[in-house]
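Colleague: Could you walk me through how the domains in this one sit against each other?

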Amino acid sequence: MSNILEIEWLGFRYPDSPRKAISDFDLAVPEGEIVVLAGPSGCGKSTLLRAVNGLIPHMYSGEYTGSVRVGGTNVKESSMRDLAQKVGFLFQNPENQIFMFTVERDIAFGLENLGVPRPEMRARVDEAMRLLDIGELALRAPHELSDGQKQRVALAGVLAMEPRLVILDEPTSLLDPKTASELVGLVARLRKELGTTFVVVEHRLDLLVKVADRIVVMSDGRKALEGTPAEVLFGEDAESYGVSTPSITRLQKMLAKDGLVPQGELMTTAELATSLEGGRS
Amino acid sequence: MMWLSSGFIFRRGTSAYHRLDPRVKLLVSVLMFVTTLLVRTLYELAAVLLFMIALSAFATVLRRVARTMAFTALFSAFIFALNFVFTRNIETSLLYAARFVAIVVSTSLFFITTSPDELEQVMKTFRLPRDVIFAFVTAVRFIPVMFLDTIQIMDAQKSRGLELEKGNLLRRVRNMIPILIPLVVNSVVRSGELAEAMESRAYGAVPRPTSLVEYRTSLADKAVATAAVVAFALVAYSFYFVIPAQIL
Ligand SMILES: Nc1ncnc2c1ncn2[C@@H]1O[C@H](COP(=O)(O)OP(=O)(O)OP(=O)(O)O)[C@@H](O)[C@H]1O
Ligand SMILES: [Mg+2]
């Protein structure tokens, strides 16, 4: 399978900043994967996402080295116009990415900007609303939406542009646990239905481990760890990089040490219980 | 602040008037506005006001218009007093005071029946630059957000012991600073994030962006627009040529 995203030796320093926000960063993401990006605050996660969708270097100038390729084309040499159609960026605060007075107009915002003809735009907006199950909100104003609904509307606006790669910056940080886990379920469903690739910056690993193919842990602008959720979370280093292992995984680790359960794959609470019972009988 | 919000901020409505093309509503309001300026006697003005009240009732916004009028009355009392001091003429002073009310009503009738979306459409027909329109759109879009922000900041600062309602005027103004600074900081952060989100969604990619919704002028729109222009012409004509002011 081909890589939709290829980052090679990326380095970036914001102007007037003494240290590099990203250094020597390498990453290849095959099409259709869900990759989780974790790491302590200030380690450069948001900066990396900006470099993926082209805000760096097109909007933020600074010292830029290495390369980022999306779908084979170099981000640095593409225009924001082209990149907007390739990479969808869901920002942390949905409030600040909803511009228009009605949900459907907002979802259409990117398509209007691209000059997409009205009938096609209508179809794509309706499809995005269907995918996110927000059809009945079409004519609502942004201030009439809950946080979870705003998040869906913002995501619909991103999906309407039909990007092959969607990057999300801490999408659940403003959501309650139930809405957060719904959002994660949505990401998994969209990957399945559309084959879209997702790179998700997230602290709440407990929600994402079930759907993620890979976890990348960053530290100080560098890639510290990379592997499947099981590899990263069962490893010794994750905790030292401030990655909070889900408590169920910590339990599995402890039990596995005593040989009570297998360690190869991440288990849910139910699986762990079944495995323990099986071991006893 | 409150009278502004009740008299000028759109709330969704379903009346036939709400459904008119926004440009037609603008035309009607502008013509009413001009009529109030042409008016020379209290009787004529009373007739114009009566028409506006009838129109408000038709648009099912009478209560809000009435509230606007009540609040405007304060200002018009002031206008009356000022005019009376200078002219010593009750009738002229009354005319000016009432005219002010009529002007506010004609304007507010437009704003309370026209959604921000439609306002945007009107701006587009006037071929304003896209940036100007978009600046307006986001400004209006974020009014409720900023409003909530302000309340939250006020609560937070109050819980830290800030006393907003205490002291003399100067003291009270100074007390606003801990409210204003976070508000400004919030807005700066917000505009940065907005700019990123705009770029990421291809803002400015093509010189002539398309639009999801199309406002088509219906037969009713054309009929209302024609009727408004004809009525205005007749009224203006009669004011000056048919009915001499002295008779009324
Ligand atoms: N616009 C900017 N200008 C200058 N420096 C910046 C800018 N944005 C971020 N930085 C700096 O770059 C570094 C990485 O920041 P970044 O926002 O990418 O971290 P992060 O991993 O997303 O953190 P968080 O989890 O808090 O969101 C930090 O040291 C930060 O201070
Ligand atoms: Mg961040």
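Colleague: How much area do domain 1 of chain A and domain 2 of chain A bury between them?
Modeller: Bear in mind that this is a predicted model, where local features need pLDDT of at least 70, side-chain atom pairs count only at pLDDT 80 or more, and totals for chains, interfaces and linings use all residues. Residues are numbered from 1 along each chain as its sequence is written. The automatic or database assignment gives domain 1 (3–239) and domain 2 (246–281) in chain A. Taking buried area as the accessible area (1.4 Å probe) lost on putting two parts together, summed over both, with 73% of it on carbon and sulfur atoms, the two bury about 800 Å².

Colleague: Which residues in domain 1 of chain A lose the most area to domain 2 of chain A?
Modeller: Three residues together make up 64% of what that side buries. They are Leu233(A), Phe234(A) and Glu239(A).

Colleague: Which helix gives the most to that side of domain 1 of chain A?
Modeller: Helices here are DSSP runs (H or I, at least four residues), numbered from the N terminus. Both α8 (205–208) and α9 (229–234) of chain A supply at least two residues each to the side touching domain 2 of chain A. With 4 residues, the top contributor is α9(A).

Colleague: How many salt bridges are there between domain 1 of chain A and domain 2 of chain A?
Modeller: The rule wants a side-chain nitrogen of Lys or Arg within 4 Å of a carboxyl oxygen of Asp or Glu. Between domain 1 of chain A and domain 2 of chain A, the salt bridge count is 0.

Note on methods
Chains are lettered from A and ligands numbered from 1 in the order in which they are written. Side-chain values use heavy atoms; hydrogens and water are left out.
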